[in-house]
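Me: Let us check the labels on this model one by one. For each, I want the value and the rule behind the label.

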Amino acid sequence: MDSQAYASATDTLPAEHGHPPFLRHHFESVSQQREAANFGMWVFLLTEVMFFGGMFCAYLIFRNWYHPAFVAGSNTLDITLGTTNTAVLIASSFTMAMSVYAAEIRRRGMLMFFLACTIVLGFVFLGIKGVEYHQKFVDHHVPGPSFSIEEFVHPSNPKALALTPDMAEKTQLYFSLYFLMTGMHALHMIIGISLLFFLLWRAYQGAYTEGHVMPIENFGLYWHFVDIIWIFLFPLLYLISRYR
Amino acid sequence: MSSTIISLPDQTTARLPRKSYLNQEYGLKSWLLTGDHKRIAILYLISITFFFIIGGILAGLIRMELLTPAADLMATDTYNKVFSMHGIIMIFLFLVPSVPATIGNFLIPLMVGARDLAFPKINLLSWYLYVIGGIFILAAMVLGGVDTGWTFTTPLSTHYLNTHVVTAAMGIFIAGFASIFTGLNFIVTVHRMRCPGMTWFRLPLFVWGHYATSIIMILGTPVLAITLVLVAMERLFDIGVFDPTKGGDPLLFQHLFWFYSHPAVYIMILPGMAVISEVISTFSRKRVFGYTAVAFSSVAIAVFGFLVWEHHMFIMGVSQYSALVFSLLTMLVAVPSAIKIFNWAMTMYQGSITFETPMLYAFGFFGLFTIGGLTGVFLATMGMDIHLTETYFVVAHFHFVMVGGMLMAYLAGIHFWWPKMTGRMYPEAISKLAAVVTFIGFIVTFFPQFLLGYLGMPRRYAAYPADFQVLNVFSTAGASILGIGYLLPLFYLPWSLIYGKIAGDNPWQATGLEWQIQSPPLTENFVEIPIMDHEAYDYEWLANKTQHEVQTVG
């Protein structure tokens with residue numbers, strides 16, 4: 001495939017060849033099918049925004065009420081790992097965008113390479129997240145019976161502000177929201193990675209390099225959405241009053 | 001173009017088409033793995049009827065318990081479980097999917113001139129999710145029930161009860177996704193699948209109503225989903241978001257829950273209004289008066305619906321000033337609702353009205369919905385609300401809207417489109433009787449509850465002071481009449497599948513695209529995608545067309 005193929009890619013599904021195999025019977029044309037699928041994905045992402053919206057709403061209220069607890073909780077998170085994860089996720093969004101491009105210019109090998117890269121980066125993100133979760137278990141910062149406020153009432157770090165026991169109790173709420181929001185995000189990542197394996201397998205069969213770009217494009221939208229959720233989660237959870 | 005389609009009003013000459021979506025394929029597998037929106041609609045119809053019967057039996061138990069002042073039929077905690085399950089099943093498994101997932105699913109592609117909904121597989125997935133959700137809820141009931149009421153109020157649901165809250169919440173979570181997928185499918189279909197010439201303002205009002213419903217489904221339902229996840233997390237891991245002892249806020253639950261559940265009552269009424277628009281126009285033989293106003297009032301109800309949720313919380317310690325704003329916004333919802341009612345009345349004015357069964361149900365809807373809607377304005381008034389909240393007045397109000405409004409509209413729609421769905425007519429005389437019995441039964445059941453609530457009888461109690469007994473006896477007696485009204489269609493509609501008169505393509509001489517094709521329709525709906533060259537509800541166009549065809553044939 002050369003650059004000329006790319007230039008004529010959208011025109012290579014002419015009506016004179018009859019219906020391409022991926023055109024479903026109830027659509028009149030490929031463009032109608034593509035627009036419907038694309039629009040459907042955006043509507044679905046709208047529901048996802050509302051889904052996460054509930055948690056962001058809870059976060060907003062409790063952060064407003066218990067700001068010192070949220071600052072103290074946030075400062076115990078590992079900012080290096082968090083930043084690395086942000087970089088990993090942005091990189092995975094880039095490889096996903098490259099996958100869409102590869103499908104559009106109909107290069108099967110390139111498509112598979114970038115899909116594989118996205119899978120690897122997804123696993124790296126989840127791995128780092130796992131390390132962070134593990135650290136929280138070690139520190140007794142997981143909400144529940146073993147939760148300990150010791151660190152917040154008598155901080156080991158002399159520069160950190162000590163909280164009153166009453167306010168320190170509220171850090172549990174911060175960590176609840178932390179686990180809930182990042183956990184829900186990680187669940188979306190896991191679903192995404194599972195779908196990526198399926199796409200990779202279909203790409204290997206050559207399903208997406210014959211003009212049927214839509215599934216890759218739609219999955220790209222989903223993946224970027226999950227990425228954007230993290231872009232909001234990172235400052236809200238990791239970067240509260242870090243400058244102090 | 002369409003001269004091959006013949007619609008004759010005379011049913012004696014009508015014959016069942018040789019090929020239709022019902023006999024395209026046979027066998028259980030062809031139904032369970034179908035992508036055809038019409039077959040999925042039938043699957044939904046059967047499953048929601050099943051859940052309606054269960055919910056109805058529970059309602060009967062409630063009314064029987066309330067026949068006497070003492071809690072003598074069942075223990076008080078059993079009573080709590082019975083009314084909770086009644087609410088959960090009726091709302092999430094019957095009312096929310098009732099019209100959209102059955103009639104809407106069947107008709108929206110036909111009305112916009114498409115071969116199917118945009119995503120047939122997602123449509124089928126939606127039905128499976130609904131069934132799985134239903135199984136979860138039934139499991140919760142069989143394993144011992146839930147006694148939180150359908151509202152899952154925290155901290156009662158999270159800290160004080162040891163019933164199957166998580167199972168039921170999971171069921172609602174899953175069934176919620178069924179509703180999201182239905183809404184998503186409708187929105188994409190209306191945007192992307194309209195046939196040539198079908199502009200937005202040529203769409204039947206049925207489609208507009210469902211479009212507005214779908215907006216609520218996709219924006220509201222995910223909020224309910226995350227709220228129920230939080231309740232489950234609270235119960236399983238004690239995360240504290242709704243727990244005041246840990247700094248959490250039970251009122252936050254109310255905000256999140258009603259952010260869905262108030263708009264959800266518009267999910268439960270807008271499709272009903274959508275049905276009524278079609279029925280009123282057809283049996284008055286007039287274009288719906290103020291088409292544009294009716295179309296936009298649906299959207300207005302959907303939009304206002306998202307801005308009124310706090311009126312469920314006036315007595316729960318919210319700020320008085322915000323309550324004032326929400327009170328005003330709630331009253332605003334009455335405006336688009338009144339626009340609809342008045343426009344329908346004007347549609348009938350000087351129309352050639354005939355009294356077929358769907359029209360009788362539509363009349364029932366008119367009266368009952370108007371009473372239900374107006375008492376909603378009472379409840380929106382803060383002073384009245386403090387007196388009436390958590391009383392039988394509220395119960396009567398939402399039953400007038402949900403049962404008197406939506407269920408009447410649902411039955412109107414089922415009767416109206418029964419010939420299109422099955423190719424056969426329902427028996428006219430007995431169905432008229434059923435419509436009248438339902439109306440009378442409904443009034444006798446629920447009107448006394450307004451009085452009970454006004455006198456101060458609280459909802460959700462198995463026992464009550466002896467002074468209230470007379471009105472409660474009336475209500476229970478009415479419920480048995482209502483039960484007969486609902487049982488009748490359960491018998492004569494299946495009967496009509498075999499013995500009903502053959503309907504023909506267009507028994508009502510209606511103008512919608514769905515009536516211009518054979519009944520029951522082909523699997524692919526249209527032999528050739530139609531071209532819409534006239535306005536909606538154009539009876540002159542239909543008269544010309546019919547005349548032309550009769551000449552062509554004869």
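Me: What covers the buried residues of helix 4 of chain B?

Reply: The cover includes helix 1 (28–32), helix 2 (37–65), helix 3 (76–112) and helix 6 (165–192) of chain B. This is a predicted model: local features need pLDDT of at least 70, side-chain atom pairs count only at pLDDT 80 or more, and totals for chains, interfaces and linings use all residues. Residues are numbered from 1 along each chain as its sequence is written, chains are lettered from A and ligands numbered from 1 in the order written, and side-chain values use heavy atoms, with hydrogens and water left out. A helix here is a DSSP run (H or I, at least four residues), and helices are numbered from the N terminus.

Me: Which residues of helix 4 of chain B are buried?

Reply: Among them are Trp127(B), Tyr130(B), Gly133(B), Gly134(B) and Ile137(B). Buried means under 20% relative accessible area; over 50% is exposed, and in between is partly exposed (1.4 Å probe, protein chains only).

Me: How do you know what span to expect for helix 4 of chain B?

Reply: The expected span is 1.5 Å times one less than the number of residues. Helix 4 (residues 120–142) has 23 residues and reaches 33 Å between its first and last C-alpha, close to the 33 Å expected. Gly144(B) follows the helix, with a positive phi near 145°.

Me: Why is helix 6 of chain B called largely enclosed?

Reply: 21 of its 28 residues are buried, so the rest of the structure largely encloses helix 6 of chain B.

Me: What makes the largest cavity a cavity, and what is its volume?

Reply: On a 1 Å grid over the protein atoms alone, a cavity is a set of points where a 1.4 Å probe fits but cannot get out. Volume is the space filled by probe spheres set on the points, which are joined across faces, edges and corners. The largest cavity comes to about 140 Å³. The structure holds 2 cavities of 30 Å³ or more.

Me: Which residues line the largest cavity nearest its centre?

Reply: Of 16 lining residues (those with an atom within 4 Å of a point), Phe92(B), Val96(B), Pro97(B), Ala175(B) and Ser179(B) lie nearest the centre. Helix 6 of chain B gives the largest share, 6 residues.

Me: How does the lining of the largest cavity divide by class?

Reply: It has 12 nonpolar, 4 polar and no charged residues. Ala, Val, Leu, Ile, Met, Phe, Trp, Tyr, Cys and Pro count as nonpolar, Asp, Glu, Lys and Arg as charged, the others, Gly among them, as polar.

Me: What about the second largest cavity: which residues are closest to its centre?

Reply: This cavity holds about 90 Å³. Of its 13 lining residues, Pro204(B), Glu278(B), Thr511(B), Gly512(B) and Tyr537(B) are closest to the centre. The lining has 9 nonpolar, 3 polar and 1 charged residues.

Me: Why is Tyr537(B) called buried?

Reply: Its relative accessibility is 5%, so Tyr537(B) counts as buried. Its phi is positive, about 55°, although it is not a glycine. Tyr537(B) sits in the loop between helix 16 and helix 17 of chain B.

Me: Where is Ile517(B), and why is it called buried?

Reply: Ile517(B) is in the loop between helix 16 (469–499) and helix 17 (539–553) of chain B. At 7% relative accessibility, Ile517(B) counts as buried. Leaving out residues up to four places away in sequence, Ile517(B) touches Leu110(B), Lys420(B), Asp505(B), Asn525(B) and Phe526(B). Contact means heavy atoms within 4.5 Å.

Me: Which peptide bond in that loop is cis?

Reply: The bond joining Ser519(B) and Pro520(B), with omega about -10°. Pro520(B) lies in the loop between helix 16 and helix 17 of chain B. The bond from Thr154(B) to Pro155(B) is also cis, with omega near -10°.

Me: What makes the second largest pocket a pocket, and which residues are closest to its centre?

Reply: A pocket is an open set of points with protein on both sides within 12 Å along at least five of seven lines. The second largest pocket has a volume of about 1600 Å³. Of its 44 lining residues, Met41(A), Phe44(A), Leu195(A), Asn218(A) and Ile122(B) are closest to the centre. By class, the lining has 31 nonpolar, 9 polar and 4 charged residues.

Technical notes
Helix = DSSP H or I, 4+ residues; strand = E, 2+ residues; numbered from the N terminus.
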